[in-house]
Amino acid sequence: MPRPLTVIGFLGSTLDAAKFGPSRWQKWRPTVGICMHEDLRVDRFVLLHGERHDRLADQVVEDIRTVSPETTVERRTLGFTNPWDFEEVYGKLLDFARAFPFEPEREDYLVHITTGTHVIQICLFLLTEARFLPGRLLQTQPARGEGINPAGEWGAIDLDLSRYDSIATRFAAAAAEGSSFLKSGIDTRNAAFNRMIDEIERVALRSRTPLLLMGPTGAGKSHLARRVYELKRQKHQVAGPFVEVNCATLRGEGAMSALFGHRKGAFTGAVSDRPGLLRAADTGMLFLDEIGELGLDEQAMILRAIEDKRFLPVGSDKEVASDFQLIAGTNRDLSAAVARGAFRDDLYARLNLWTFTLPGLAQRREDIAPNLDYELDRHAQRDGQRVTFNKEARARYLTFATGPEAPWPGNFRDLAASITRMATLAPSARIDQETVDQEITRLRRLWSASGAPADDGLAALLGDEAMADLDPFDRVQLAEVVRVCRTCRSLSEAGRTLFSASRTRRASSNDADRLRKYLQRFGLDWAMVAAA
């Protein structure tokens, strides 16, 4: 049975107009003509029009009912002050698209771009290309050849973006919207992180293949996975729920049952059927956090479910289907787990197409300030009270939080907990310097008790690739050199401090040159070290 078809189109104040009477049927009118084709059954027509065209809309609606009684017409009035103004037209059509109850999993959509001003037509194209309008484009034209054909001709277009590069230029705000959404609107400043988020946004909207998010605990993998889901749902690319699973909590037969479901009587205690989490994620998104903790049997079944969209519940001889999109998260090195035989190489190969490593908070210290404001906003939403810093207290906290003394082993979870504590204890909803000093003391105690190592600051200087190639011996030595340099006013002073013993045994020494050459071995210079 064919799916219902909805056409969304703008009333053409010129092309759709005609004098009332039999003669109007001798003219091609695009909106009415759409409903006259035997090979295009329109179940619903959403007719957009301006406030000044009510009478014309009445006539067009009546004529559609005449030629296609089975078509339901829904009128939507969009009041444009200037239908030739791009910003106004795009904004109001975007508002319409966001508010419309699309159901792309149940019905099909055609977006008619023949009527309306050229600005309206271009904006409809852009919104369809960006999936705010989840359908195909519909173009109509007068019939070619002799004779009168008021229906005209029609054609539907599946967008091939390479053919429309010259006109598919987005507004700057619209282009940045997806990336900003993934960052929860936080104005992050870390260039590498921003580039990664931009890439994740492009991949998420252009692909259904799995994403693998790597990074330490508390780096934000779970939060980012949910934002990817919400972005795809906003663009009508998923319809089902977001299902999050912490694989570290799944063990033995219970893991199989939780993930894949079971049949009644499959094992002791299975008193009823259980659909399982993969079934729950049907048409939606499944986030398998800490996927490296799954057993090899579960990994094999997950691979089958990813590739075939089918799996076998525990105790069942009949397969079930679930069409979900997958994001996996881990704080482990999965390639090393594959080498040890603890993780299946075929599943890793399937997940490793799109792998993104989220840096810890210590590698994104420039993002602490905007995240501080974000956490204060979250506190205000949760507790209904706006808490702020005074100027001196904010400066004191940021100096500590962005300095080498703060390792942030729990990453953004540590930061969120810290802000929550200060906001809760702040006198008169104002975080003062005494509150900050108490929190700094508390953090030092917590980190000392947990044995968290202090951040040596090298990652921010060298980058992740260089850090991976750095031997532990060289890291300890270089960290001490960098620490001394940051306490000195010049390269010469730092050289004299670092070579204070050996320089006394030399007839002549150039300590600054020795230090310069040492830093060059690691791609560093005095300006880089001193400014960090």
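Which residues in α19 meet L515, Y518 and L519 in α21? I opened my notebook with that one.

**Ground rules**

I am working with a predicted model, where local features need pLDDT of at least 70, side-chain atom pairs count only at pLDDT 80 or more, and totals for chains, interfaces and linings use all residues. Residues are numbered from 1 along each chain as its sequence is written, and side-chain values use heavy atoms, with hydrogens and water left out.

**Entry: α19 and α21**

I looked up the meeting residues of α19 and found D474, Q477, L478, V481 and C485. Contact here means heavy atoms within 4.5 Å. Helices (H or I, at least four residues) and strands (E, at least two) are DSSP runs, numbered from the N terminus. I sorted the residues of this contact into 6 nonpolar, 1 polar and 1 charged. For that sorting, Ala, Val, Leu, Ile, Met, Phe, Trp, Tyr, Cys and Pro count as nonpolar, Asp, Glu, Lys and Arg as charged, and the others, Gly among them, as polar.

Next I wanted the geometry. Two packed helices are described by the angle between their axes and the distance between the axes. Helix α19 spans residues 472–487 and helix α21 spans residues 511–520; their axes come within 12 Å and cross at roughly 130 degrees. The axes are lines fitted to C-alpha atoms, for helices over the stretch in contact, and angles run from 0 to 180 degrees between N-to-C directions. I therefore noted α19 and α21 as oblique to each other. Angles under 35 degrees count as roughly parallel, over 145 as roughly antiparallel, 65 to 115 as roughly perpendicular and the rest as oblique. The crossing of α19 past α21 is left-handed. Left-handed means that the near helix is turned anticlockwise from the far one by less than a right angle, and right-handed that it is turned clockwise.

**Entry: α13 and α15**

I then turned to helix α13 (residues 368–383) and helix α15 (residues 412–425), which pack at about 55 degrees with their axes 9 Å apart. That angle makes α13 oblique to α15. Here the crossing is right-handed. On the α13 side I listed I368, N371, L372, E375, L376, H379 and R382, and on the α15 side F412, L415, A416, I419, T420, A423 and T424. The residues of this contact divide into 8 nonpolar, 4 polar and 2 charged.

**Entry: E439**

Is E439 buried or exposed? I read 0% relative accessibility for E439, so it counts as buried. The cut-offs are under 20% relative accessible area for buried, over 50% for exposed, and partly exposed in between (1.4 Å probe, protein chains only). E439 sits in helix α16, residues 433–450. Its side chain makes a polar contact of 2.7 Å with the side chain of R442. A polar contact is a pair of N or O atoms within 3.5 Å; within protein, one must be able to donate a hydrogen and the other to accept it, and residues adjacent in sequence count only if both atoms are side-chain atoms. Not counting residues up to four places away in sequence, E439 touches Y397, S418, R421 and M422.

**Entry: T71**

I found T71 in the loop between α2 (54–67) and β3 (72–77). With 5% relative accessibility, T71 counts as buried. A polar atom of the T71 side chain lies 2.6 Å from the backbone oxygen of V42, and a polar contact of 2.6 Å joins the side chains of T71 and S68. Leaving out residues up to four places away in sequence, T71 touches C35, V42, D43, R44, F45 and I64.

L15 is in the loop between β1 (5–10) and α1 (30–34), and at 36% relative accessibility L15 counts as partly exposed. Beyond its neighbours within four places in sequence, L15 is in contact with K27, W28, R29, P30 and T114.

P30 and T115 are 85 residues apart in sequence and 7.4 Å apart in space, C-alpha to C-alpha.

My last stop was T140, in strand β5 (residues 136–141). T140 counts as buried at 10% relative accessibility. The side chains of T140 and H112 are joined by a polar contact of 2.8 Å.
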